[in-house]
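Readers may wish to keep the structure in view while following the account.

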Amino acid sequence: MEKLRIYGGKSLKGRVKISGAKNAAVAILPAALLADDTCVISNLPYIDDITVLADILHEMGAHVELDREGTVRINALEMNEYKAHYDMVRRMRASYYLLGVLLSKFGKAEVSFPGGCAIGTRPIDQHIKGFEALGAQVNLEHGVIKVSADRLIGNEIYLDVVSVGATINIMLAAVKAEGTTTIVNAAKEPHVVDVANFLNTMGANIKGAGTDIIRVMGVETLSGCEYAIIPDQIEAGTYMIAAAATGGDVTVTDVIPKHMEALTAKLLEMGMEVLEGDDEIRVIAGQRPRKVNIKTQPYPGFPTDLQQPISALLCIADGVSVVTENVWEARYKHMDEISRMGGKAKIEDRVAIIEGVEKLSGAPVTATDLRAGAALIIAGLMAGGMTEISDVEHIDRGYEEIEYKLVALGADIERVDENGKARRLKLIQSSYGEKARAIL
Ligand code: UD1
């Protein structure tokens, strides 16, 4: 198990390129199995969730070539496997998208119940309700979800909760169904729109993605295509928060500023300067952040995946902030860790009351899930002394080259391998005048 060591107190400065969106990519990769030709998908983040998923699709018989630049070629013409076993999917929560895809492709699917981040109960009853409404039979046997249908027929499905996963999974299952499927109370997240755009590029007929009513008019075939994934809203937000946390001046590049509006509004409320360009955002932190209240909501509300990083930042805000987590229960495990660094928070069910302190002090802490890990990085960057974060594999699931990007911004950070050997990075100047990386 690797660790990250951060020597805090350095102001982050510079530009950081944001990778492709993890949560779009984990749906678009399996969706490519529906094409009757090769799909070439670019701007994938090179992170563990994607390499694991590429392995799963390969093991299931698809032809998958993933390169280090984040482009994948997928061809599933010869694939005939409709089962995804536990040892394949246990490392990946989003493997539930295989249910919708395989049901659409083969009329049947058997997928082990998903693993992934431990952030409270993660039911999939709305996914199942959607499959059943399309005419599928769904059974859970020995931890395996079995779905099958002779024919999938379009229907109207009202989601009882706004669910990203259910919205996407129903689109995937309905894309080749007979007739029209209407998803009411659909999720509006940017990655829902990205998946719909990808399917439409393959020849699907989906309208309304990005609003709360999505209509999927079934088509007979989907063809191969080329597609570039949108930038990762949560990665961008994490670096924007890191800028605010370190009194820094950071420009996140290759982003869609509109996707960041909820966070931008909160950073402005905290007293930060935020400058938006066409595809970049600069955050300049001139002062100690002011306290703010945050309520997480489905998009376009404040994203739950940035709740953990921003509540770390609020630990040093001037005043008492109230954070309400409306999407997930038990999403404050990072605050227990930050309290070991001097953070002061009272957690009551879904509410965290955070009393800002002047400074945190570095300590050994453990990442319990992906975004908790991001929160601990923020805490470590702003703390005095050394913070050592264990269970870094959670962070590697979702952040591409995080320590490279942070070092390039001026952070003092190193990775410690399972034998306790520390690897430091330093930036070198290449003959082209561009920054290259070297491992010391
Ligand atoms: C996705 C994101 C995750 C993010 C979450 C909310 C991916 C791979 N992950 O997760 O990072 O935190 O959206 O923005 O895209 N629910 C039900 N029944 C269901 C499905 C969900 O009750 O069948 C509830 C959940 O318990 C939760 C809420 O709905 O309270 C939102 O969940 P959902 O949007 O489905 O999250 P995921 O798609 O799993």
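## Sheets and their helices

In this predicted model, four strands build an open sheet of mixed pairing, arranged in the order β6-β7-β9-β8. The edges are taken by β6 (83-84) and β8 (137-141), and because each has a single partner strand, one side of each is left without a neighbour in the sheet. Strand β8 runs antiparallel to β9 (residues 144-148), to which five bridges join it, and within this pairing Glu-141 stands opposite Val-144 of β9. Helix α4 (residues 97-106) packs on the sheet, where it touches β6, β7 (108-112) and β9, and its direction makes about 160° with that of β7.

Another open sheet, again described as mixed in its pairing, consists of four strands in the order β10-β11-β13-β12. Its edge strands are β10 (156-158) and β12 (205-207), each of which pairs on one side only, and the twist from one strand to the next averages 15°. Strand β12 is joined by three bridges to β13 (residues 213-217), and these two strands run antiparallel; the partner of Lys-207 in β13 is Arg-215. Lying across β10, β11 (180-184), β12 and β13 is helix α6 (residues 164-174), which runs at about 175° to β11.

Helix α7 (residues 190-201) comprises twelve residues and reaches 16 Å from its first C-alpha to its last, close to the 16 Å expected at 1.5 Å a residue. Its buried residues are Pro-190, His-191, Val-192, Asp-194, Val-195, Ala-196, Phe-198 and Leu-199. Just after α7, Gly-203 adopts a positive phi of about 115°.

Strand β3 (residues 39-42) has bridges to β5 (residues 72-75), with which it runs antiparallel, and also to β14 (residues 226-228), with which it runs parallel.

| Strands | Bridges | Direction |
|---|---|---|
| β8 and β9 | five bridges | antiparallel |
| β12 and β13 | three bridges | antiparallel |
| β3 and β5 | three bridges | antiparallel |
| β3 and β14 | three bridges | parallel |

Conventions. Residues are numbered from 1 along each chain as its sequence is written. This is a predicted model: local features need pLDDT of at least 70, side-chain atom pairs count only at pLDDT 80 or more; totals for chains, interfaces and linings use all residues. Side-chain values use heavy atoms; hydrogens and water are left out. Two strands pair if DSSP finds at least two bridges between them. Axes are lines fitted to C-alpha atoms, for helices over the stretch in contact, and angles run from 0 to 180 degrees between N-to-C directions. Contact means heavy atoms within 4.5 Å. The expected span of a helix is 1.5 Å times one less than its number of residues. Buried means under 20% relative accessible area, exposed over 50%, partly exposed in between (1.4 Å probe, protein chains only).
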